[in-house]
Amino acid sequence: MGKTKHPGPQKKKAMPDPKHWVSPVPFGLGKIKPKHMRDTAKILWENKDNLGYAANILTKGVCDGCALGVSGLYDQTLKGPHVCTTRLNVLRLNTAGAIKPEILHADIDELRKYDSTELRKLGRIPYPMIRRKGERKFSRITWDDAMNMIAEKMKVLDPMQYAFYLTSRGITNESYYVAGKVARFLGTNHIDNASRICHSPSKTALKRSIGVGASTANYLDWIGTDVLLFWGSVASNSSPVSSKYMLEAKKNGTKIIVVNPYKEPAMDKYWIPSNPESALFGTKIADDFYQVNIGGDIAFMHGIMKHWFDMEKQQYGSAINHSFVNEHVDGYQELKKKVREQSWEDIVESSGVSRERIIELAELLANSKNAVYAWALGLTMHSFATDNISQVANLALLRGHLGRKHNGLMPFRGHSSVQGSGEMGADPFVLPGGDFYGDNFTRIQNLWGFEMEKWQGDIVGVTLENIMLPEDHERKIKLYYLSGGNFLETMPDPDFIEKALSELDIRVHQDIILNTSTLVDAKEAVIVLPAKTRYEQEGGGTSTSTERMVYFSPEIEGNKNKIEEAREEWKIYTDLAKRVKPETSHLVDFKNAQEIREEIALANPSYDGIQHLKKAGDVFQWGGAWLCEDGICPTPDGKGHLITVDIPDLGKKEGQFIVTSRRGKQFNSMVYKEVDPLNGAGRYDVLMNAEDAHDLSIAEGEGIVLYNGFGVFQGRAKFVDIARGNVEVHFPEGNFLLPRGRYEKFAGIPDYNITVTLEKADRYNARKDVQYNERHIADDEIDAPA
């Protein structure tokens, strides 16, 4: 049976619907809410020196903000123009002029006074630069000298001793593809990317549960499904245009349910600036919140399934879609046995949700013919994240909510270009079109025409740790080549990361702007290379959205603040290959971007069609409208696999809290506001439950300390509607509490949740000198993972 094609954007319902309004008082006067109009005016002012170019980016380019996939001002979901604050906030990265030379070449300690937000505002990197050991400032260097220096170092190192990393900062599929190919050509398998720090467990879980590591559904499926379930996701904050789809879904009768420890204001009430009705009166987004404990999701889902099996005892077929399960699913009896073994006491204690409430949601899903399950970092950033997501897949498979209209599993991606990064092979475990072993390895080797090393490359966290290995260790990383990214603000244990980055012989930062990690020393040299943005890429470039839409973004002319020496990222990689291995470099050379797309279509058969994308507005969706269409999964037996998982032990001792990190008014690690306009929280506020605070005699606004065996976080108490025993701090400020070296067992993502003790600051500081002096902590004393 042929794959169903996506029908394209649908018309919105024109009639206002007051039952979804937050308030009849216009513009949310008197409420804590974003000031969208004022923020837009500020952004216009910021870009005033390059307004024509900014307008062209917005009207002709593919959004380099979130992963919804807006091309120009239009998308594939709803008719009419869309623009959002996330996109406007990153606009200046593309329109800014060069950093002033007197700032750029100031003493390094002067530059270190800036934080990453301030560095971003200085402007773009104008030309290649170097800072050698002992030098106090960056000096200008030619492209030839810079590239030769990197190449000469690579020639003397074992390829196991250097690593590549690519961020999600507007990088195109073409650049990911060439980076992956060049890394393997040079002989290293240490290549990783930003999407793995966020959503790699989504991929590992979905691959084992249904055979494919991508969203099976579209945003259109939200509109008119019975239930849209958001798990650990603040979609309206990370991807504001999605709130438009949510409003449309509600107008079509969809119930929106949010499962999250904190009743996020942005998922409760939101003012959508590009929708006149919502801009005036706001939109009540969620119909219900289930405030689960951090790490309590697996137990919560066990509870849903436990009630389903109880319903089945009363009446066969009342909760399980038996015809779907019998034809398309295996592992049913094993899962049923596992779920029945769970006691309601354990389920309620771990999840933090009452039995009555769990039953309520179980019955809603049992009575829903259709449901879309969407999730984000609240499920993926745990040491048991793959199990979290396979448990979501279990729910969908038992109900047959897969492979058809208004149904599916959707990992809700953050950045516009991350879905393509692994699909292009910029990942230690994959090559284009499949995994890094077996038939796919041989197929790609034959296509590329050179022999690849078979040893397993390391994930980003491990390569960073391996910088600190003894000098003669074969896997000691001595050169790190970074395309964007800031490990100081994205990885656990920032003090260790800073030390590791300074222990590298050479560190290469290929980027648009400076960030705090660019300013860290290195043993021999720090080399900075100016990259072009996606809108400057000659021959255009493509990016892949959450719903597997591959969009073409053309080269956009007319940049008044053009950086003359900036180069296309993919061209920098091929240039490096020519200098390290000149004799065979023709094997990785590309004349233009179109030639790369022709090869991508061969390397990853799902992407056959990318070669036809040539002008603004061109788009195709790989895999058709729904993956696993008609219940047939791309697994060896064609079936979905129910996976049994255990309720994790969070190791939380009496009186401890579990902390997780939250992204307020920011995009990835780029902070845009010191105070979150949705809840009034500052960057060092600790979001906590007022009853927990009362028990500890803590007043709102009072200084408090979170600490464990890894670090200390000093902040202020802010009372919010969050499940008891749980606290949230902002990312990356809270990363000092997180241990390095603790990874998710299947996907290798760092764990961003941890148990902590919470006390008043004055009490903690009074005892600190006596009890908490720095000391070696034995393994069995360290707090268990959350």
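## Rings, strands and a surface patch

Trp222 counts as buried, because its relative accessibility is 0%, and buried means under 20% relative accessible area, exposed over 50% and partly exposed in between (1.4 Å probe, protein chains only). Tyr219 is also buried, with a relative accessible area of 0%.

Before we go on, a word on the model: it is predicted, so local features need pLDDT of at least 70 and side-chain atom pairs count only at pLDDT 80 or more, while totals for chains, interfaces and linings use all residues. Residues are numbered from 1 along each chain as its sequence is written, and side-chain values use heavy atoms, leaving out hydrogens and water.

**Aromatic rings**

A pair of aromatic rings is described by the distance of the centres and the angle of the planes. Rings of Phe, Tyr and Trp (its six-membered ring) pair if their centres lie within 6.5 Å; planes under 30 degrees apart count as stacked, over 60 as edge-to-face and the rest as tilted.

| Pair | Centre to centre | Angle between planes | Type |
|---|---|---|---|
| Tyr219 and Trp222 | 5.3 Å | 85 degrees | edge-to-face |
| Tyr219 and Phe412 | 6.2 Å | 80 degrees | edge-to-face |

What does the pair of Tyr219 and Phe412 tie together? Tyr219 lies in the loop between α9 (195-210) and β5 (227-231), and Phe412 in the loop between β12 (408-411) and α21 (418-423), so the pair links parts that are 193 residues apart in sequence. Helices (H or I, at least four residues) and strands (E, at least two) are DSSP runs, numbered from the N terminus. Elsewhere, Tyr177, Phe185, Trp448, Phe450 and Phe590 form one aromatic cluster.

**The sheet**

Now look for an open sheet of seven strands, with mixed pairing and the order β2-β1-β17-β16-β15-β3-β4. At its edges stand β2 (139-140) and β4 (191-193), each with a single partner strand, so one side of each has no neighbour in the sheet. Two strands pair if DSSP finds at least two bridges between them. Strands β3 (residues 162-166) and β15 (residues 479-483) run parallel and are joined by five bridges. Here Phe164 stands opposite Tyr481 in β15.

Which residues make the nonpolar surface patch of about 300 Å²? The patch is made by Val25, Phe27 and Leu29. Accessible areas come from the Shrake-Rupley method with a 1.4 Å probe. Val25 lies in the segment before α1 (36-46) and counts as partly exposed, because its relative accessibility is 41%.

Key. Patches are made of residues with over 30% relative accessible area and no salt bridge: like charges are joined within 9 Å, nonpolar side chains (Val, Leu, Ile, Met, Phe, Trp, Tyr) within 5 Å. A salt bridge is a side-chain nitrogen of Lys or Arg within 4 Å of a carboxyl oxygen of Asp or Glu.
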